Amino acid sequence: SIFKIAIDGPAASGKSTTSRYVAHRLGFMHIDSGAMYRAITLKALRQNIKFESHNGISHIINLAHNSSIQFATTKPIGSSGGDNAPQTMVYLDDEDVSADIRTMDVTRNVSFVAAIPEIRKVMLAKQRGYANSTNIDGVVMDGRDIGTVVLPDAQLKIFLTANANVRAMRRYEQLKLKDKKVVFEEILRDLEKRDKADLERKVSPLRKAIDAVVLDTTTLTLNEIVGKIIEMTNK
Ligand code: C5P
């Protein structure tokens with residue numbers, strides 16, 4: 001059967017990077033469920049949909065029903081593996097949107113889209129579909145509700161946490177490479193706002209599954225976290 005690993009946690013806790021490396025090491029597929037909500041948000045922003053209006057919401061739901069979202073994991077360049085970091089590419093209607101879904105504009109609007117129950121229903125079906133593709137050995141899926149709602153039968157569930165200041169600092173350093181104008185306080189504020197929205201929404205809020213293992217990444221390196229998770233899979 002397909003080996004399933006669920007990795008949940010708040011924004012910028014290192015979920016997607018960790019999941020990418022774990023999937024890469026095990027030869028599993030990586031599904032970044034946050035990227036799916038981001039892709040729908042990007043599509044809605046591109047079409048100038050008025051988010052809060054009734055019409056806007058049914059329009060977004062329509063988009064979700066009529067969108068294809070696909071993932072691909074790049075193999076490291078060079079035969080011996082080397083240090084090339086694995087990457088997870090996201091395709092929206094066959095267009096590579098891996099970079100476009102990470103803009104501030106998408107980040108600020110995604111929690112609103114992710115709180116629409118009908119959107120979650122559509123994504124849930126897609127997420128379970130990926131996890132049950134017959135041609136894979138295993139899947140690492142990361143998000144907010146993977147261990148609790150999407151893959152309650154996952155053989156391994158991890159809940160990543162880290163102090164909000166540390167998470168904001170990691171995000172800040174990432175963004176700073178691309179845009180010199182980023183302001184730390186602004187990133188911290190956005191992060192706390194998104195945490196609050198993810199924790200307080202009515203459908204599938206951010207929760208630790210009762211059988212999830214908590215890993216606090218505040219003082220751990222990426223390698224240490226990935227190592228601990230691989231160890232727990234006994235693979
Ligand atoms: O993981 P990432 O920060 O990219 O996720 C973006 C947003 O998508 C989150 O802030 C959250 O609102 C939403 N999300 C969700 N459920 C998931 C994954 C992400 O609601 N499983």
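**Exercise 1.** Determine in which hand H4 passes H8, and which residues make the contact.

*Solution.* Step 1. H4 passes H8 in a left-handed crossing (left-handed if the near helix is turned anticlockwise from the far one by less than a right angle, right-handed if clockwise). Step 2. On H4, the contact is made by Thr107, Arg108 and Ser111; on H8, by Asp190, Arg194, Ala197 and Asp198. Contact requires C-beta atoms, placed from the backbone, to lie within 7 Å. Step 3. By class, this contact of H4 with H8 comprises four charged, two polar and one nonpolar residue.

The model is predicted: local features need pLDDT of at least 70, side-chain atom pairs count only at pLDDT 80 or more, and totals for chains, interfaces and linings use all residues. Residue numbers start from 1 along each chain as its sequence is written.

**Exercise 2.** Classify the relative orientation of H4 and H8.

*Solution.* Step 1. The axes of H4 (residues 104–114) and H8 (residues 184–200) cross at roughly 15 degrees and come within 9 Å. Step 2. H4 is therefore roughly parallel to H8 (angles under 35 degrees).

**Exercise 3.** Compare the radius of gyration of the protein with that of a compact globule.

*Solution.* Step 1. For 235 residues, a compact globule would have a radius of gyration near 18 Å (2.2 Å times the number of residues to the power 0.38, over C-alpha atoms). Step 2. The protein has 17 Å, which agrees. Step 3. Along the principal axes, its C-alpha atoms fill a box of roughly 50 × 40 × 40 Å.

Definitions and conventions
Axes are lines fitted to C-alpha atoms, for helices over the stretch in contact, and angles run from 0 to 180 degrees between N-to-C directions. Helices (H or I, at least four residues) and strands (E, at least two) are DSSP runs, numbered from the N terminus. Angles under 35 degrees count as roughly parallel, over 145 as roughly antiparallel, 65 to 115 as roughly perpendicular and the rest as oblique. Two residues are in contact if their C-beta atoms, placed from the backbone, lie within 7 Å. Ala, Val, Leu, Ile, Met, Phe, Trp, Tyr, Cys and Pro count as nonpolar, Asp, Glu, Lys and Arg as charged, and the others, Gly among them, as polar.
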